[in-house]
Amino acid sequence: MMDNWARVWTPANWERLLVGDLFNRGEIGGLALTLCIGLLAIAGSTVIGAVVGIMRASDRKALNLPATLYVQSFRNVPLLILVFWAYFLPPVFGIQTSKFLSVLVALTLFTGAYIAEIVQGGIRSVAAANLEAARVLGLTPRQIQFWVVLPQAFFNMLPALAGRYVVSMKNTSLAFLIGLMDLTEIGKQIGARLMTSPVEVYLTILLIYFVVNRGLVMCLRLLENRQSFNRLFLRI
Amino acid sequence: MNTDFSILWGDPGTLILSGLVVTVKLALCAFALAIIIGVVMGTLRWIGWRAVEPFCWVYIEFCRNTPPVVQLLFWYFSASFVLPMPVFMFLRDFGYEFGAAVIALAFYHGAFYAEVVRAGLNAVPKGQFEAARALGLGFLQSLRRVAFPQAIRVLVPPLVNETTALIKNTSLAMAIGVAEMTFQYRAIDNFMFRGIEALTVITVLYVILCLIAAWLGRLMNGYLSKHLHARNATAIADRQIVGGEIIR
Amino acid sequence: MTASNLATAASPVSLASKRPAAAIKMRGVVKRFGALEVLRGIDLTIERGEVVVLCGPSGSGKSTLLRCINGLEAIALGEVIVEGEHVRSKGSKLDTLNPRIGMVFQAFNLFPHLTILQNLILAPTMVLKVPRAEAIERARALLARVGIEQKADAFPDMLSGGQQQRAAIARALAMNPELMLFDEPTSALDPEMIHEVLDVMRDLAHEGMTMVIVTHEMGFAREVASRVVFMDEGLIVEQAKPDAFFSKPREERTKQFIGKILAR
């Protein structure tokens, strides 16, 4: 049993798991690639989600309708199918695409739809009584939006957002299904080469994902403390 | 671009249809098993029983923080090492890939159902359960007659969310060679080069499956509000559910 | 042996065959929430038929004391004996509590998904295995007794607070309790509804029910209680008959408390 672990946890294997073939072939892979896709998708989907979420919370049909359409259609399709669309549709129109880009685009749009729902819910969660209090104090609508609604909404959203970010980090693992050298693919290769120790190999990959995602959650938890949150985002 | 959906009448259509059957079967089996895991685990966590708490925590945190597709690979490649021999033999006779996919999806989504169940139970005011017990009702009686009927109303929307996630995750089973819809689409693309048409059809089919799950959820909600009359069932605080997400 | 006796014999806290003198006996009861000691050594004996009012400033531990009597809270040290039986509670949700100790809560805690009648027959049919028809008949009689028989098929949220609390009392009575615990039964009520609940409690006291009541209604205590127990910081400071308690309290803390209450 210990033998198996020793065969899996070699420096060479760890190097491949962490950065792929970066040093011997100059191709980034492994955990580094996973993080690249994950963090870029998180950033992109937050921007998309914020815009679409505000549109969803609006009463104007022209804003609300397209936003709803986007959210509903992207939430009801498996991410894997979106990845295939992003990879195989552009060539039909003669557009060149890469595996990396298609995974990134699919993951960003997919996560964006979920984040839009979170943003909308966050905005709706700010109590009406609170708005009245702000109006009574003589704040203008814009001031109310900026200093009362959005900070509260964002704060209420944080736990849900953290959950979504972790899901999106986990979802990067689909990249291996179209042949990217991400953490899962490298792990699968090592498993195939060693043959007799799949338990150890896959537990190792699962452990790496676990540590990364727990780390991400811990960082986001810091923001859930109102004081550190205000210090970062709300200077009054 | 020229698309020709008529090619789907014939072999590709049959393949997709057989894939759809496998997808539905996989989703149903995994759902049934995951719900059982979820109710048991969620209730155990809600009790806050010290002896089992660490065990539940590890299970749920593990599932929340690791990708389902890697768990799928783990079960597929290591099942013969970690499962008891009789279970493994049963699975092999059952169709090994399919069995591994059911176990992996049920194990993964069971953790999420557990959190949904726990959040639902937590949303029932504490006094309700105390009142039931003060009347002498046993634990299971209080749970069944008082806590669950009230919890289930707040539970349905996140339950539907998790179930659509489960349906969507069945597509991952192609990674271990289960012949479900996505797998069949890849086959059609590889051998007949009719990728876009097939992709369109299975996309629509997935949307329909997800909408059916949502519709069933709404039916259930309607049924519950009609037959349980829990009109003032307490809403989970805004922070607990935002955008239908369960919160860690 | 009646059906109800069978049911109690099956529950962990069964009644002893010979009836002991005291309904409740607490000796050296200590209760902690983490580092905080909420009850710091309580000795209290309550005879059958007594109506004991527990009073004291908030945080003095009176509600906790009540919850230790039926085992909703587990005690750290000491013992609680109800009708000759030790109350053994781990404070876990898995415990089954003695169905013969009725409890009325501040927040009523009627089950919102059941009608008033269903609320009343749930425990009798499930715990005491009373036949449904018989349970319904008894429930209707009890509802009539607390004056809300016309609300039998209504849901709790359609009732006023006072009606809800009366229904909750009827629900507890439906189990034929040996004694009743009241945890601030009128604190969540509007002033005009308080008296209708107190009336029901007064009738109950006159019928000889053993009652332990946590309340701030000092007028009611003076009129109905056979004994007033004053608690502060987890200890029993003073106990006396209501007349003596209100007219010549011995302890300084009691005087201050009564002074504040009467000044309101």
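In this predicted model, helix α1 (residues 11–47) of chain B and helix α6 (residues 139–169) of chain B have axes that come within 11 Å and cross at roughly 135 degrees. That angle makes α1(B) oblique to α6(B), and α1(B) passes α6(B) in a right-handed crossing.

**Contact of the two helices**
- On the side of α1(B), the residues that meet α6(B) include B:Ala27, B:Phe31, B:Ile35 and B:Trp46, while those of α6(B) include B:Phe139, B:Leu143, B:Phe148 and B:Leu166.
- By class, this contact of α1(B) with α6(B) has 14 nonpolar, two polar and no charged residues.

**Salt bridges around B:Arg64**
- The side chains of B:Glu61 and B:Arg64 form a salt bridge at 3.4 Å, N to O, and both residues lie three residues apart in helix α2 (residues 53–65) of chain B, about one turn of the helix.
- B:Arg64 also forms a salt bridge with B:Glu115, with the closest N and O atoms 3.4 Å apart, and this pair links distant parts of the chain, since B:Glu115 lies in helix α4 (residues 85–123) of chain B, 51 residues apart from B:Arg64.
- B:Glu61 and B:Arg64 are both buried, and B:Glu115 is buried as well.
- A network of salt bridges links A:Arg214, B:Arg45, B:Glu53, B:Glu61, B:Arg64, B:Glu115 and B:Arg118.

**A salt bridge in chain C**
- C:Arg166 forms a salt bridge with C:Glu196, the closest N and O atoms being 2.9 Å apart.
- C:Arg166 counts as buried because its relative accessibility is 10%, and C:Glu196 is buried with a relative accessible area of 19%.

Notes:
Residues are numbered from 1 along each chain as its sequence is written. Chains are lettered from A and ligands numbered from 1 in the order in which they are written. This is a predicted model: local features need pLDDT of at least 70, side-chain atom pairs count only at pLDDT 80 or more; totals for chains, interfaces and linings use all residues. Side-chain values use heavy atoms; hydrogens and water are left out. Axes are lines fitted to C-alpha atoms, for helices over the stretch in contact, and angles run from 0 to 180 degrees between N-to-C directions. Helices (H or I, at least four residues) and strands (E, at least two) are DSSP runs, numbered from the N terminus. Angles under 35 degrees count as roughly parallel, over 145 as roughly antiparallel, 65 to 115 as roughly perpendicular and the rest as oblique. A crossing is left-handed if the near helix is turned anticlockwise from the far one by less than a right angle, and right-handed if clockwise. Contact means heavy atoms within 4.5 Å. Ala, Val, Leu, Ile, Met, Phe, Trp, Tyr, Cys and Pro count as nonpolar, Asp, Glu, Lys and Arg as charged, and the others, Gly among them, as polar. A salt bridge is a side-chain nitrogen of Lys or Arg within 4 Å of a carboxyl oxygen of Asp or Glu. Buried means under 20% relative accessible area, exposed over 50%, partly exposed in between (1.4 Å probe, protein chains only).
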